[in-house]
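Here is a short tour for a reader new to this structure. Keep the sequence and the 3D view side by side while reading.

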Amino acid sequence: SALPERRRPGGGRPRYEVVRELGAEEVRWFYREDRKTWKPFIGYDSLRIELAFRALGSGGDGEPAAVEPVCVRSGLYEVDVGSAESYPVYWNQSEKIPVMRGQWFIDGTWQPLEEEESNLIEQEHLNRFKGQQLQESFDIEVSKPVDGKEAIHSLKLSRNHVDWHSVDEVYLYSDATTSKIARTVTQKLGFSKASSSGTRLHRGYVEEATLEDKPPQTSHIVFVVHGIGQKMDQGRIIKNTAMMRDTARKVEEKYFSNLATHVEFLPVEWRSKLTLDGDTVDSITPDKVRGLRDMLNSSAMDIMYYTSPLYRDELVKGLQQELNRLYSLFCSRNPEFEEKGGKVSIVSHSLGCVITYDIMTGWNPVRLYEQLLQKEEEELEDRWMSYEEQRLLEELYITKQRLREIEERLQGLKASTISKPPVLKFKVENFFCMGSPLAVFLALRGIRPGNSGSQDHILPRTICNRLLNIFHPTDPVAYRLEPLILKHYSNISPVQIHWYNTANPLPYEHMKPSFLNPTKEPTSAPDSESASAAPSPTTSPVMVRRHYGESITNIGKASILGAASIGKGLGGMLFSRFGRSSTTPQTLETGKDGAEGDEKKATTVGTPPLSHSSSGFLEPTVELEHRIDFELREGLVESRYWSAVTSHTAYWSSLDIALFLLTFMYKQDQEETDKSNLDTI
């Protein structure tokens, strides 16, 4: 029969009238990462670990029973009770995480006593007091002094001793010399022995472990993809993702605690498995300033590898296989995820954005080469040529057509016999780029602004529902994407990401565009146009942008451009035709383009189209369906030059970014129930 329960004042866990062995719910298991303090597992995890621990000793013939590993911490880790270690499920980690069974706890901090001491104290406690009545009053908040009354029982440990002044007034004393002196002095001054130098201990954890104390189900997984330089520190993406996950947990608790779902972040470590050139680059690296050279080899070198036709496929396959492996593993361990319509987003950093983009779109340098040949054919048709030359070209053209037809028929036969699996095993809901050079890669591939405000111009929504480009204003590796879709957005400020602690921030879909360079002279607009170049009533006040640390930022950007151009792979000819871009802003033509723009215009719901900008540009009436470029606000006290150096890696622990990511992911979940709000961001 169950023993009568008695709750602690203030509603703690149940206590029992009679001393008996600790229940599984009173024990609490802990884990310790990076040699920091012990952290308690939540009730659901602790209870299941304790039940596995008790099953461990219940094997027949005195043999320990084989116990399955216990899945903990929202399914990211497993605990091996036999070895008292925890390890991650989805990534490799050299250091195992120790776990510990807590039975006796220090007053105030509720940190567990080391397991060896705890076991000895528990054994002694049961031998001496089992079956005895507990005191009537037990106050969790106030440790009452025992006024110098003598101990009714003591236990000597290696460096400490424990005194029982009553059944549930237990104190731990250190036996170090200094503590003995302190005890003698305080006792002579009349202070009580127990309260002056002892530490009060509690048997059983402050709150009872229950299976209801359980993490919410994961409704959205986010794959976090690293960029350049991962060879330097292979564990860095795991640490960075952990920072992002912890930061997101804080944001979830503050802003999304009413939701019964949960976003999980998984690191995608794709670089370390690749052999690439072995150690050839290392062998040709001179010894002088070796440390700096190694750093460059491990960072900028990845861009050169990626633009090399020899290694590009290896990098793409490495990331693609790791993404698919993680997704399959997650679904096998969470079978309800797909059934309940779980979503997948990707957060990529730096070069990781370019590789992720290429995997999703299936872009290949060979396609660029075919475009070049086609363009040369078109140019040949326009120039004068002799009859013989024309006849040979026609013959070549017919032969090429025939070759294409044969290739298509062959592909058709292959497709009917072998169904080609999709490149990724999941649809990407959101693609968040952080500190991304993707725009410069696209520009070098010949992408030019169009006259439709659709994301489809660079990333079709059938492949990925939403593209968002996040950057710090001084990040030397980051480029804007919006001006690649609509040219006049180069003169419109990126959307400012809200600070984490902003009270009632304006929703992003309601933020009106603001212009960047209000004082710039119009370049070629007629007088009549420049005369009416007043700020549009639909825009917010002009925000003057200041570029600090600009020289460092520009040096960084130059190195990225250089690395991207050096490794062109198929040679300069590919880029000479497609890579030309004007660096000076030009007024958009309003002839044919303007007419097309009117036909294809896609204005945001509830937002009037832009008219003349305050910079003298005559803007077409086309707006982006969704804003894509989002900029972190600069810190008020940070050193501008230092931020230019550190900003490229400052994204991981930003509360502003964590709130931004979750806002978009949770907003979509809510919008699914209200289709009328779709596409208003």
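Predicted model: local features only at pLDDT ≥ 70, side-chain atom pairs only at ≥ 80, totals over all residues.

## A sheet of six strands

Six strands make an open sheet in the order S4-S3-S8-S7-S6-S5, and the pairing is antiparallel. Strand S4 (39-40) and strand S5 (70-72) are the edge strands. Each of these two pairs on one side only.

Inside the sheet, strand S7 (residues 85-88) and strand S8 (residues 97-102) pair in the antiparallel sense, over two bridges. Glu85 has Pro98 in S8 as its bridge partner. Helix H1 (residues 43-56) packs on this sheet. H1 touches strand S3 (28-31), S5, strand S6 (77-80) and S8. Its direction makes about 165 degrees with that of S5.

The protein chain has a mean pLDDT of 75. Of its residues, 64% reach 70 or more.

Two stretches call for care. Over residues 136-144, pLDDT stays under 50, and the model has 19 contacts beyond four places in sequence for them. Over residues 519-549, pLDDT also stays under 50. For that stretch the model has 56 contacts beyond four places in sequence.

## A sheet of five strands

Another open sheet has five strands, in the order S9-S13-S12-S11-S10. Its pairing is antiparallel. Strand S9 (104-106) and strand S10 (153-156) stand at the edges. Each has a single partner strand, so one side of each is left without a neighbour in the sheet. From one strand to the next, the twist averages 30 degrees.

Which strand is joined to S10 by four bridges? It is strand S11 (residues 160-166), and the two run antiparallel. Ser154 stands opposite Asp163 in S11.

## Helix H2 on the five-strand sheet

Helix H2 (residues 115-129) lies across S9, S10, S11 and strand S13 (199-203). It runs at about 150 degrees to S10.

The buried residues of H2 are Glu117, Ser118, Ile121, Glu122, His125, Leu126 and Phe129. Seen down the helix axis, they fall within an arc of 160 degrees, so they line one face of H2. These buried residues pack against S9, S10, S11 and S13. On the other side of H2, Glu116 and Asn127 are exposed. Gly131 follows H2, and its phi is positive, near 90 degrees.

## A covered strand, S16

Strand S16 (residues 343-349) is mostly covered, with seven of its seven residues buried. In a regular strand, side chains alternate between the two faces of the sheet. In S16, Lys343, Ser345, Val347 and His349 point one way. Val344, Ile346 and Ser348 point the other way. Both sets are buried.

Which strands pair with S16 in the parallel sense? One is strand S14 (residues 217-225), which pairs with S16 over six bridges. Here Val222 stands opposite Ser345 in S16. Another is strand S17 (residues 428-434), joined to S16 by five bridges. Ile346 has Phe431 in S17 as its bridge partner.

How values were computed. Residues numbered from 1 in each chain as written. Heavy atoms only, no water. Pairing = 2+ DSSP bridges. Axes fitted to C-alpha atoms, helices over the stretch in contact; angles between N-to-C directions. Contact = heavy atoms within 4.5 Å. pLDDT = per-residue confidence, 0-100. Buried < 20%, exposed > 50% of the residue type's maximum accessible area, 1.4 Å probe, protein only. Arc of directions from axis to C-beta.
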